[in-house]
Amino acid sequence: MKDVKVNDTHCFALIGHTGDGKTSLGESFLHRAGATASLGIVSEGTAHLTTLPEEKERQSTLTSSIFGFDYAGKHLTLVDTPGDSNFQADGRIALRALDGAILLVSAASGPKVGTQRMWQFCRTQEMPMLAFINAMDKERSDFAAVIDALKEMGANPVAVTLPIGHADSFKGVVDLLNMNAVTAAGEVEIPSELAAAATDARAQLVEAVAECDDTLLEKYLEEGELTDADVVQGLVLATRARQLMPVYCGAATAELGVETLMQAAIQLLPSAADREPWKTIDDESVAADPDAPFAALVLKTVIDRYAGTLSAFRVVSGTARPDSNLLNLTRDQKVRFGKLHLLRGEEHVEVDSAGPGDIVAVAKLKTTHTGDVLGAEKGAPKLPEIPIPQGVISYAISAKSKGDEDKVYASLGRLVEEDPTLHLGREDSTGEFLLTGMGELHVRITVQKLQRMFGVDVELKRPKVPYRETITRRAEHVEGKLKKQTGGKGMFGVCYLTVEPKPRGEGIEFVDEIKGGSIPRSLIPAVEKGIYAACEAGPLAGYPVVDVRVHCIDGKHHAVDSNEMAFKLAGSFGLKAAVQQARPILLEPVMDVEVSIPGSFVGDIMGDLSSRRGRVQSSEARGSTQVIQAQVPMSEMLEYASQLTSMTGGQGEFHMEFSHYDESPSHVRDKIIAEARAGQAEDA
Ligand SMILES: Nc1nc2c(ncn2[C@@H]2O[C@H](COP(=O)(O)OP(=O)(O)OP(=O)(O)O)[C@@H](O)[C@H]2O)c(=O)[nH]1
Ligand SMILES: [Mg+2]
């Protein structure tokens with residue numbers, strides 16, 4: 001693999017809504033490239049990209065799958081991501097370590113909530129994208145309608161292929177760059193009935209490309225045409241600058257339109273050498289130079305049946321070699337690489353080096369987690385680590401058989417290690433474990449895995465809503481004081497805090513404004529620690545305090561009695577008092593919900609969503625299905641899966657994803673505060 005140069009090394013993801021055909025497309029890539037001997041089929045459980053029994057059972061991807069292979073003299077790493085909102089976060093982590101994405105859209109149903117979400121995410125990451133309109137062989141496939149829908153979504157789609165026929169008569173694609181057609185028989189002439197449409201679409205493509213570049217536009221306006229080389233070059237630049245999203249089409253399962261797309265991925269999406277340069281935390285560019293000091297990002301941790309736990313990383317610069325000593329820069333610890341493995345579904349192939357753009361895995365490094373930055377012992381660029389999305393829904397769980405608690409905790413710990421979007425905690429008041437994930441299915445699948453991999457059974461209780469507390473106005477000069485005189489040495493520390501609200505999602509910020517040593521320098525971190533500790537359990541109902549800027553403006557100390565503990569407590573008391581004075585409110589998580597139902601249920605479902613305090617945002621027909629989009633507080637949606645089934649006799653489907661935090665209305669707030677107080681009283 002390593003005779004391939006960096007500019008022939010590509011890594012990209014397949015993204016989109018669940019069920020639109022990402023894994024099928026990935027399988028047909030692998031098959032066309034000769035990386036797999038047979039075409040893997042999701043519905044038959046033979047896909048090389050879905051290896052878990054839970055994935056085979058549900059016929060759906062639950063965790064991103066990395067596959068390295070060679071094609072046309074290039075080394076490609078394909079990452080197939082999950083489309084279901086419960087598992088999309090895993091794909092988002094992986095995307096941070098990749099150079100491009102192919103957005104899959106169903107030709108029959110167009111972009112959906114999952115399509116939109118992943119597209120939006122890639123857009124914020126400034127990631128070049130191609131779109132693939134899949135399943136042209138299905139009834140009701142409509143290429144032009146999907147392009148329109150992509151435009152409406154805010155993308156800049158431009159058709160680079162046209163479908164030849166549709167549904168049963170779908171045969172292949174017209175390639176507007178080469179002005180030929182590609183069918184199961186290979187390259188052929190454009191069918192005569194499509195000649196006019198192809199000329200027309202080619203003109204639109206040329207015009208779109210010309211509009212992205214002033215020099216090209218001038219040339220185009222003067223000469224009325226561009227050379228083939230100009231069009232290709234212009235399209236390459238416009239794709240990488242994210243001015244255009246080139247659109248391809250085909251049918252993944254019939255392997256039609258697939259090679260044209262693969263060639264486009266290589267030609268239009270950047271290689272590891274010509275992607276936007278990586279930036280260090282100090283905003284310096286990092287060149288993809290195989291001879292520079294090594295730096296890499298851990299994008300996945302995999303528990304493998306044979307190899308134990310593996311850390312998969314994407315090399316950003318330098319070259320990884322087996323049996324070498326390195327640093328985990330995130331945790332500031334030494335690590336040692338053993339063998340390097342190229343990941344190919346279930347199969348792992350040992351390799352002797354990995355350079356920029358390669359993704360390989362090593363046996364789990366102690367203390368290394370998904371998202372971490374690895375680097376050479378000397379001179380490694382300081383890359384920012386990958387942020388890990390936090391789960392939103394928590395279930396209390398307990399072991400089914402008494403005495404199994406330790407085993408449950410240890411096994412869950414392993415699963416959390418593999419999937420960082422899961423979080424395992426313990427609720428002090430009840431002693432129960434709290435498993436937090438991205439959605440109900442995420443948590444349920446984890447429980448299934450626990451049973452299969454470790455043989456432990458757990459019981460899931462009603463989920464808990466992760467409320468938050470915050471403030472709505474400024475409170476100034478609030479005292480936090482600890483003064484204690486018990487026998488010998490006393491404890492003394494005073495701080496004065498001013499708090500003010502921050503925009504939603506910005507967290508807690510500590511600003512040190514101590515002047516003149518009213519609190520000794522060495523003790524200011526203790527105040528900060530105390531403040532952060534107090535933010536973990538707010539004064540209203542014990543939920544975390546968020547989005548507050550805390551200025552430490554003054555204080556008092558004592559030469560003998562002031563110490564770290566005293567100032568930590570002073571900080572904590574000060575924060576609690578300041579929050580109380582700053583008109584605190586309770587925030588509740590609000591979810592984006594998309595419900596798909598047969599048209600006859602629209603009235604019932606809309607009414608039901610309103611009774612759950614939902615705000616319906618749109619309702620539109622997609623074929624015979626009606627799709628309702630709404631925002632609904634999480635607390636009202638905890639058991640929606642089973643309720644929707646009973647309301648629609650099993651004909652409804654829904655997707656739900658965290659959207660934002662909103663102030664909860666007073667009747668909800670009062671109830672939650674009362675519940676929290678009752679809980680505390682019980683403990684006392
Ligand atoms: N007719 C037709 N069916 C397709 C095509 N592509 C995929 N399918 C079928 O659609 C179903 C879902 O395909 P997948 O490839 O598993 O979809 P996915 O996007 O990976 O879904 P998730 O893993 O859940 O995100 C499978 O049963 C496929 O056989 C296609 O081009 N034509
Ligand atoms: Mg899949």
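## Report on a predicted model

Among contacts in the chain between residues at least 6 apart in sequence, 72% join residues at least 24 apart. The structure is a predicted model. The chain contains 16 helices and 34 strands. Its radius of gyration is 28 Å, close to the 26 Å that the globule rule gives for 684 residues, so the chain is as compact as a globular protein of that length. Along the principal axes, the C-alpha atoms fill a box of roughly 100 × 65 × 60 Å. Of the 684 residues in the chain, 55% are buried.

**The magnesium site**

Which residues coordinate the magnesium ion (ligand 2)? The ion is held by Thr23 and Thr61, each through its OG1 atom, at 2.0 Å. Thr23 belongs to helix H1 (residues 22-32), while Thr61 sits in the loop between helix H2 (53-58) and strand E2 (65-71), so the pair ties together parts that are 38 residues apart in sequence. Both Thr23 and Thr61 are buried.

**Paired strands**

Strands of a sheet pair through backbone hydrogen bonds, and the pairing is either parallel or antiparallel.

| Strands | Sense | Bridges | One pair of partners |
|---|---|---|---|
| E4 (residues 100-106) and E5 (residues 129-134) | parallel | six bridges | Val105 and Ile133 |
| E8 (residues 172-175) and E9 (residues 180-183) | antiparallel | four bridges | Val173 and Val182 |
| E23 (423-426) and E24 (residues 433-437) | antiparallel | four bridges | Gly425 and Leu434 |

Strand E5 is mostly covered, with six of its six residues buried. How are these residues divided between the two faces of E5? Met129, Ala131 and Ile133 lie on one side, and Leu130, Phe132 and Asn134 on the other. Both faces of E5 are therefore covered, as all of these residues are buried, which means under 20% relative accessible area. Ile133, on the side with Met129 and Ala131, is also the bridge partner of Val105.

E8 and E9 form a hairpin with four residues between them. In that turn, Met179 has a positive phi of about 45°. A second hairpin joins E9 to E10 through two residues.

An open sheet of four strands has the order E23-E24-E22-E25, and its pairing is antiparallel. The edge strands are E23 (423-426) and E25 (458-464), each of which pairs on one side only. Direction ignored, neighbouring strands of this sheet are turned by 30° against each other on average.

Helix H11 (residues 440-454) lies across strands E22 (393-399), E24 and E25. The helix runs at about 165° to E25.

Leaving aside residues up to four places away in sequence, Lys449 touches Leu52, Glu54, Leu415, Glu418 and Phe454. For Lys464, there is a distance to Ala155: the two residues are 309 residues apart along the chain, and their C-alpha atoms are separated by 37 Å.

**Helix H15**

Helix H15 covers residues 640-648, and Tyr640, Leu644 and Thr648 in this helix are buried. Why do they line one face of the helix? Seen down the axis of H15, its buried residues fall within an arc of 50°, so they line one face. What do these buried residues pack against? Their partners are strand E31 (584-598), helix H14 (602-611) and strand E34 (653-663). After H15 comes Gly649, which has a positive phi, near 55°.

Note on methods:
Residues numbered from 1 in each chain as written. Chains lettered and ligands numbered in written order. Predicted model: local features only at pLDDT ≥ 70, side-chain atom pairs only at ≥ 80, totals over all residues. Heavy atoms only, no water. Buried < 20%, exposed > 50% of the residue type's maximum accessible area, 1.4 Å probe, protein only. Arc of directions from axis to C-beta. Contact = heavy atoms within 4.5 Å. Donors = N, O, S within 2.8 Å, 3.2 Å for Na, K, Ca; no water. Pairing = 2+ DSSP bridges. Axes fitted to C-alpha atoms, helices over the stretch in contact; angles between N-to-C directions. Rg over C-alpha atoms; globule rule 2.2 N^0.38 Å.
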